[in-house]
Amino acid sequence: MRMRTLITTFGPDPENTLAAMRAISYERLALVLSEDDLNTQAQKIIRKIEEDSRGEIDNIFVDQYDLKDCFRRIVDYVLRILSIEHGDAHEAASLCINISGGSKIMGDAALIAAIHTGVRAFHCEKDKIIKFPVIEGVTLKDRLSDSQLAILKEIGAFDSLEDISRKMGSRLTDETIKKSLRKLKKMGIVKTQIREGGIFAELTESGIFILETINRLERGRSSAPGK
Amino acid sequence: MSIIFGTLGHRPQSLIPTIKSTEDIERVIFYYGGDDEAKKARDVIVDFCKNLRIPVDPVELPDVFDLMGIAKRIRNDIREWKGRGGRIAIFNIAGGTRPTSSAALLACTLEGVPTVYVHDLTNDEIVLPLLEIEYSRILSKKERKILDIIRKNGDRGKPLSEIELARIFGVTKATMNYHVKQLRSKGVIFLTPDPEDMRRKLVSLQPTVDLLLGE
């Protein structure tokens, strides 16, 4: 069954989370929180509200000091909901993410997760609701072409053009590989170096993280956090 | 030569690692709040840069909680430097209030600027997985043109109907209906009944889509 789900970052001060719960209509609440935020006064308030309204709460536990961990766990949760209940990762209309609760790291991670999964994102405060200009239903993967994705997945540590061409086999022409590499470089995913014997390419630090995210988006339902 | 952008709160250590790790810096531009602690942190960064002989522009934010105001300001600054041919090496979003950091992250996403966060405990730099390409490029040229026309008419207080949009673009009503449906499903526009003719629907931009399109 498809349920409207509000994912919200959450911390010791519940006010911004409560603002999101007032502003956004939902049937299931998912709290992005650290283990330290369990059984706090703030969490008891939220739990009481959901118990009284017979609502469901999912807990997405994160390391609140680790932006990558927060990002990965929120993405995994979004993908699990989309794949289980929607059967189509692009149908994100009944999901939304509020980034105003909890720590700054959680909020920034949640915003990137919303952008990369194409899910609506809000910053809710007591008297202010901001809807971010996230383009709904469009994921990070959709922003790359098929040839760019193919190269991204095959590129190793300082591969030469010949190495990449060999890995691609008959899938891509040398001209397409060069064009795609130029574009990937422009997007900050790949860096190139001219050495003796030609041009060599490898993923940047950001490129490694982007590839990991794309793999995650493709795997969809794996690594989902428990309730 | 390249430019570093950053947000700064009360901890200079949130910005210093980026200044140290970036090569060939032309200038450091950072945004901070007006309270005493923030000013102390600003002075530390200014001294640090001056000692390294790096030009530095501290930008005081009038309201460090005005997320959209800060996002607009930062985006405009990024565009201005890009327009002057400056290469933005990195934007460090670790410092400042939570709305300031989110605003900077939003501006970086929209403009396709490489972005880092500095770990609170270890001071390690974490490169964020953002593409260095303008976010609005997700939309087709046609979609961006339609949004631009909707915005201009909205600014004049004269929102357009689908039929009027079809007339402006010289396409059939069915074609424009397709574009409007697409834009609606992407969450960038919404429809409201025309108060003068309830059968007609007026097309408006979602409030923050203005920022997506830029000036």
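Which domains does the domain assignment of chain A give? In this predicted model, the assignment gives domain 1, covering 5-138, and domain 2, covering 141-210. Chain B is likewise divided into domain 1 (2-135) and domain 2 (139-213), and chain A and chain B together bury about 3500 Å².

**Domain layout**

- In chain A, the centres of domain 1 and domain 2, taken over C-alpha atoms, are separated by 35 Å.
- In chain B, the centres of domain 1 and domain 2, again taken over C-alpha atoms, are separated by 35 Å.

**A sheet in chain A**

- Chain A holds an open sheet of 3 strands, which run in the order β7-β9-β8 with antiparallel pairing.
- Because β7 (159-160) and β8 (190-195) of chain A each have a single partner strand, they stand at the edges of the sheet, and one side of each is left without a neighbour there.
- The pairing of β7(A) with strand β9 (residues 198-203) of chain A is antiparallel and extends over 2 bridges, and A:Ser160 stands opposite A:Phe200 in β9(A).

**The interface of chain A and chain B**

- The contact draws on 41 residues from chain A and 42 residues from chain B, and of the area of about 3500 Å² buried between these chains, 66% is on carbon and sulfur atoms.
- Between chain A and chain B there are 0 salt bridges by the rule applied, while the count of residue pairs in polar contact, with both residues at pLDDT 80 or more, is 19.
- On the side of chain A that touches chain B, at least two residues each come from α3 (67-86), α4 (104-117), β6 (128-131), α7 (174-186) and α8 (205-219) of chain A, and α4(A) gives the most, with 8 residues.
- Sorted by class, this side of chain A has 20 nonpolar, 11 polar and 10 charged residues.

**The interface of the two domains in chain B**

- Domain 1 of chain B brings 8 residues to the contact and domain 2 of chain B brings 4 residues, and the area buried between these domains is about 520 Å², of which 72% is given by carbon and sulfur atoms.
- The count of salt bridges between domain 1 and domain 2 of chain B is 0, whereas 2 residue pairs, both residues at pLDDT 80 or more, are in polar contact across this interface.
- On the side of domain 1 of chain B that touches domain 2 of chain B, α3 (67-83) and α4 (98-111) of chain B each supply at least two residues, and the largest share, 5 residues, comes from α3(B).
- The residues on this side of domain 1 of chain B divide into 5 nonpolar, no polar and 3 charged.

Note on methods: Residues numbered from 1 in each chain as written. Chains lettered and ligands numbered in written order. Predicted model: local features only at pLDDT ≥ 70, side-chain atom pairs only at ≥ 80, totals over all residues. Heavy atoms only, no water. Domains from an automatic or database assignment. Pairing = 2+ DSSP bridges. Helix = DSSP H or I, 4+ residues; strand = E, 2+ residues; numbered from the N terminus. Contact = heavy atoms within 4.5 Å. Buried area = accessible area lost by both parts, 1.4 Å probe. Salt bridge = Lys/Arg side-chain N within 4 Å of Asp/Glu carboxyl O. Polar contact = N/O pair within 3.5 Å; in protein donor to acceptor, adjacent residues only side chain to side chain. Nonpolar A, V, L, I, M, F, W, Y, C, P; charged D, E, K, R; others polar.
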